[in-house]
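These are my notebook entries on a structure that I went through one topic at a time. I wrote down each term with its cut-offs where I first needed it.

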Amino acid sequence: MRLKRPVAICALSMVIAAGVCDVPLPAQAPGVGHTFPAGGPAGTTVTVQLGGYDFTPDIDYFLHHPKATLKVTGKIGPYLVSPPPYWFGPKGRSSAFKIPRELTATITLPADLPRGPIHWQVANANGASGTAVFFVGDGPEVIESRRQAEPQPLAKLPVTVNGRLSRIAEVDRYTVTAAADGCLTVDLYARRLGSNFNGTLKIRDADGKLLADLIDTEGTDCVATVTVRKGQTYTIELADLDHRGHRSFVYRLEVIAGPRVVACLPSGGRPGTTVPVTFVGYGLKSGVAQLETLVSNVVFPKDDAGTGWYQHRLKTSHGQALPVSLRLADFAELVEPGAGAARPLAPGAAITGTLSKRGEIDEYSFPAKAGQMFRFEAISAEIGTRLDPVLRVVDKDDKQVAINDDFGNTLDSRLDFKAPADETYRVRLHNGTGEDGRLDSVYRLTSRLQQPGFTLSLPQAFTAAVGGKAALTVSCVRTGGVADEIVLKMA
């Protein structure tokens, strides 16, 4: 009897499994995962592998740019199971990655395409995917060599390497021989491409001495600048923080022989104007990887692309720096006045300032009439610095009447304030959890009068069954005290 019992159990299990298999699976919308190589220079046609999930033969491909084009040239490939080695022990019980498929395509980039990301996505009868990134570069590019046993030499700088960490515990290494004394700057793009890994970046000299050791724990990628000597060879190492690997772990590694800008005062300018800008960065004057400043005139171009930003490359006697983003402003751009000077903040102006001392509080005054609505914004992350701005408004009796710390899933601050009475108020700015007390502890504070109005936003895509109904969420942000009903029509 005991011998027959396991047989009965097995038979019952098979019946249950067969019953489960008869239940139809719900339709799965396709998903995009990665592009390899993850970018290419303007003025070229790049052959890429588009990676994703739940791809079907009837799928459509979209590139969201009016000038660049995407053309699929191959069929959907097989499922790509991660190759060995595999985890054993506790790590072997972690959730498995999705298994992607790839197909070959070409992306054609016009020569006048500006540096930055463009996006593609897919859709079929089951729905649409999110978007994936392809990065348009402005210099020479190479693809990593798959010979992992030895570092890949980068013969000439500047260069951008397109690679990926496809196996667990993989470490990609590159070597650079310095052509002159100065700075070596290395910028890792991973999270900015949508890759789901936190990078680690190390730079060693010929003796193995560690010159830079960075870990991306915040999902903002790594960038390092070190001092190098002519004729010496340096090794760049990158890996995933948790030693993971997957086919979707694509990256771009931008390597230049030059300094790095980390902040600008002012942080923007009006299109068509020439403005003296104080650049803060590593090796700008001395060619040594130390924080210092350099003043240079910047000609702000027209905003033909409509992005509101301008990518500027500072030229120095020690090489050209990585591009830095400057705001193309529609109002006056000012720099924080010196100690003891009056600090007015009129609506329709921006002030770039520095919290150069630990615990420093910057204060600006503004007159207001009862009922006027102001919006103050203090940004740091958006201009590439590492403050956590906090805004407060106080009245003539030094009583706090409004405060804001973070908004929009960032550490930046936005404060809407309605003046309760005719009075001169003061807005105070200090640092929360960020890094103050440095030359690069820079913020940009703007003041605007709020006009009555509203903005609407919709999801990029939503699924509606054929012949059925679907809910479409429309988000509304009201400004200037608008409380009236808003009537929507769809065509």
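**Entry 1: the cavity**

I began with the lining of the largest cavity and found that its largest share, three residues, comes from S27. The model is predicted, and I kept in mind that local features need pLDDT of at least 70, that side-chain atom pairs count only at pLDDT 80 or more, and that totals for chains, interfaces and linings use all residues. Residues are numbered from 1 along each chain as its sequence is written, and side-chain values use heavy atoms, with hydrogens and water left out.

On a 1 Å grid over the protein atoms alone, a cavity is a set of points where a 1.4 Å probe fits but cannot get out, while a pocket is an open set with protein on both sides within 12 Å along at least five of seven lines; lining residues have an atom within 4 Å of a point. Grid points are joined across faces, edges and corners, and a volume is the space filled by probe spheres set on the points.

My search of the whole structure gave one cavity of 30 Å³ or more, and the volume of the largest cavity is about 40 Å³. Its lining consists of Ala263, Cys264, Ser267, Val324, Ser325, Leu326, Ile383 and Val442. Strand S20 (260–265) and strand S27 (324–328) each give at least two residues to this lining; strands are DSSP runs of E with at least two residues, helices are runs of H or I with at least four, and both are numbered from the N terminus. I sorted the lining into six nonpolar, two polar and no charged residues, where Ala, Val, Leu, Ile, Met, Phe, Trp, Tyr, Cys and Pro count as nonpolar, Asp, Glu, Lys and Arg as charged, and the others, Gly among them, as polar.

**Entry 2: the second largest pocket**

I then looked up the second largest pocket, which has a volume of about 510 Å³. It is lined by 22 residues, of which Trp87, Ser95, Ala96, Phe97 and Ile168 are the closest to its centre. The classes in this lining are 10 nonpolar, seven polar and five charged residues.

**Entry 3: the backbone**

Where do I find cis peptide bonds? One joins Pro84 and Pro85, with omega about 10 degrees, and Pro85 sits in the loop between strand S5 (69–72) and strand S6 (101–108). Another joins Leu157 and Pro158, with omega about 5 degrees, and Pro158 belongs to the loop between strand S11 (152–153) and strand S12 (159–164).

I also noted Ala169, which is not a glycine and yet has a positive phi of about 65 degrees; its place is in the loop between S12 and strand S13 (172–177). Asn409, also not a glycine, has a positive phi of about 60 degrees and lies in the loop between strand S33 (400–404) and strand S34 (413–418). Is Asn409 buried or exposed? It counts as exposed, because its relative accessibility is 86%, and the cut-offs are under 20% relative accessible area for buried, over 50% for exposed and in between for partly exposed (1.4 Å probe, protein chains only).

**Entry 4: charges over rings**

A charge sits over a ring if NZ of Lys or CZ of Arg is within 6 Å of the ring centre and within 35 degrees of the ring normal. I found Lys98 over the face of Tyr53, at 5.5 Å from the ring centre, and Arg164 over the face of Phe36, at 4.2 Å from the ring centre.
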